[in-house]
Amino acid sequence: MSASVPRLVVAAPSSGSGKTTVATGLMAAFAARGLAVSPHKVGPDYIDPGYHALATGRVGRNLDAYLCGPELVGPLFLHGARGCDIAVVEGVMGLYDGAAGEGELASTAHVAKLLGAPVVLVVDASSQSRSVAALVHGFASWDPEVRVGGVILNKVASDRHEELLREALEQAGVPVLGVLRRAAQVATPSRHLGLVPVAERQEAAVEAVAAMAAQVLDGCDLEALEALARAAGAVPGGSAPWTPASPTHHPTRPDEADQQRAPVVAVAGGAAFTFSYAEHTELLAAAGAEVVTFDPLRDEELPEGTAGLVIGGGFPEVYAAELSANQPLRKAVAELAASGAPVAAECAGLLYLCRELDGLPMCGVLDASARMTERLTLGYRDAVAVDDSVLAAAGTRMRGHEFHRTVVEPGSGAQPAWGVRNPRPRLEGFVQRGVHASYLHTHWASEPGVARRFVERCRTS
């Protein structure tokens, strides 16, 4: 594909300015014009990409320079944007906010530079008028390598307010590409870890995305925004699209088909387990697995022939009663783990494998209990595999992200999954026969050997 796909990065001075509303609305508005839109999100966020997928009809993908490394941002972007007319990238936090203590690493500005993409700055103008010019000037001039191509003013109160804002911004030299009035209908509900995922409010989410699109169509100059995106040029560095296929992987020859039938890897989905990166299932399939999704809230059996199980993140604490009530599936998961089959569990998956969650019986694979707390654990982590497991050989280094308001006691087993360096050195997670369970969310594209190792263990266990 061409490395010059038109693209925009939607950023803001801070969280809460309206990035998700503008980015999602812009994706939907471009799609309504007949464009194939590639949706992306900076950082490890799993929830916003669900709304992006509703807006575009394509899988929402993440661009995380910490989890995957800066060198993979361009290739992963081009992989996701394959066959698209335009790409919209939603930023994270404030434009220049990155991984703690790591300078610009993984910030929206860093990703924009890696992509060579112009930035559209969304400014919450609800409590300012002339000061907006100083704010925009500061963000546009802070890093000369970041091109702020325009501003969208959000939460503008009136025509007079808009007039004052436009007058002030004329002095900043940054064009106004949109003005959005306050609109309650575009609001999306939140709870302890952010927005409520699309899978939990399908009809309401569709309505919210439609309202975002209508607001953007009414208040933004789509022609100017599309022209800005088309002026982006080639992605720097001559990046080629990322591919899930290993350069050393060879398709099975016909005479080997009976000996190497694709092992079934069951992947938890549904409303309780919505956190996953699209690249994980692509890597599993490229490694030779048959990937089958199931819903632990509804399905009483694992998919037929399950040889391995992947349980990602989500909100099991919200659905603890329903998950506990599905005793047949809990028993099936426990039996699969007891057989030594590969089981990879991240965060929500870790809770599901515990003996109990908030006093309710879970799968009992791990001799540990989990409970909700008031404390938010959040941040990037550097980790090293302590023991050999179905995911990694001892000594394998990976980067991860923690995001939860629960605690598991004990925090690690006799064989921990990871030694974590930051914010303090500690052992974390569980390696137990074929089980690898941990709070860390990881992005397997950074270490493709993870998926290949897992699938091979599915074949041989």
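Helices (H or I, at least four residues) and strands (E, at least two) are DSSP runs here, numbered from the N terminus. What you have is a predicted model, so local features need pLDDT of at least 70 and side-chain atom pairs count only at pLDDT 80 or more, while totals for chains, interfaces and linings use all residues. Residues are numbered from 1 along each chain as its sequence is written, and side-chain values use heavy atoms, with hydrogens and water left out.

**Helix H4 and its partner H3**

- Helix H3 (residues 70–80) packs against helix H4 (residues 108–115) at an angle of about 65 degrees, and their axes are 9 Å apart. For that, axes are lines fitted to C-alpha atoms (for helices, over the stretch in contact), and angles run from 0 to 180 degrees between N-to-C directions.
- The H3 and H4 crossing is right-handed; the term means that the near helix is turned clockwise from the far one by less than a right angle, and left-handed means anticlockwise.
- On the H3 side, the contact (heavy atoms within 4.5 Å) uses Pro70, Val73, Gly74 and Phe77, and H4 brings His110, Val111, Leu114 and Leu115.
- By type, those contact residues come out as six nonpolar, two polar and no charged. The nonpolar class is Ala, Val, Leu, Ile, Met, Phe, Trp, Tyr, Cys and Pro, the charged one is Asp, Glu, Lys and Arg, and the others, Gly among them, are polar.
- How much of H4 is buried? Seven of its eight residues are, so the helix is largely enclosed by the rest of the structure. Buried means under 20% relative accessible area, exposed over 50%, and partly exposed in between (1.4 Å probe, protein chains only).
- The buried set in H4 is Thr108, Ala109, His110, Val111, Ala112, Lys113 and Leu115.
- The cover over those buried residues includes H3 along with strands S1 (7–11), S2 (37–42), S3 (61–63), S4 (86–90) and S5 (119–124).
- Just past the end of H4, Gly116 takes a positive phi of about 60 degrees.

**The second largest pocket**

- This pocket has a volume of about 780 Å³. Pockets are found on a 1 Å grid over the protein atoms alone, as open sets of points with protein on both sides within 12 Å along at least five of seven lines, where a 1.4 Å probe fits; lining residues have an atom within 4 Å of a point. Grid points are joined across faces, edges and corners, and the volume is the space filled by probe spheres set on the points.
- Its lining runs to 37 residues, with Phe273, Thr274, Phe275, Ser276 and Tyr277 nearest the centre.
- Elements giving two or more residues to that lining are helix H2 (48–56), strand S10 (264–268), helix H9 (278–286), strand S12 (306–311) and strand S13 (343–346).
- The lining divides into 22 nonpolar, 13 polar and two charged residues.

**Buried residues in strands**

- Val343 sits in strand S13 and is buried, at 1% relative accessible area.
- Leaving out neighbours within four places in sequence, Val343 is in contact with Leu309, Leu336, Ala337, Leu353, Val390, Gly434, Val435, His436 and Phe454.
- Val343 and Val265 are 78 residues apart along the chain, with 9.4 Å between their C-alpha atoms.
- His401, in strand S17 (residues 397–409), is buried at 9%; beyond four places in sequence, its contacts include Pro44, Leu67, Tyr380 and His441.
- Ser369 belongs to strand S16 (residues 369–385) and is buried, with a relative accessible area of 15%.
- Among the residues Ser369 touches, not counting those up to four places away in sequence, are Cys354, Arg355 and Val408.

- Most residues other than glycine have a negative phi, and most peptide bonds are trans.
- Cys347 goes against that with a positive phi of about 55 degrees although it is not a glycine. Cys347 is in the loop between S13 and helix H12 (348–353) and is buried at 6%.
- Asp358 has a positive phi too, of about 50 degrees, and is not a glycine. The loop between strand S14 (356–357) and strand S15 (360–361) holds Asp358, which counts as partly exposed at 38% relative accessibility.
- The Glu409 to Pro410 peptide bond is cis, with omega near -5 degrees, and Pro410 lies in the loop between S17 and strand S18 (418–420).
- Another cis bond runs from Asn422 to Pro423, with omega near 5 degrees; Pro423 is in the loop between S18 and strand S19 (426–428).
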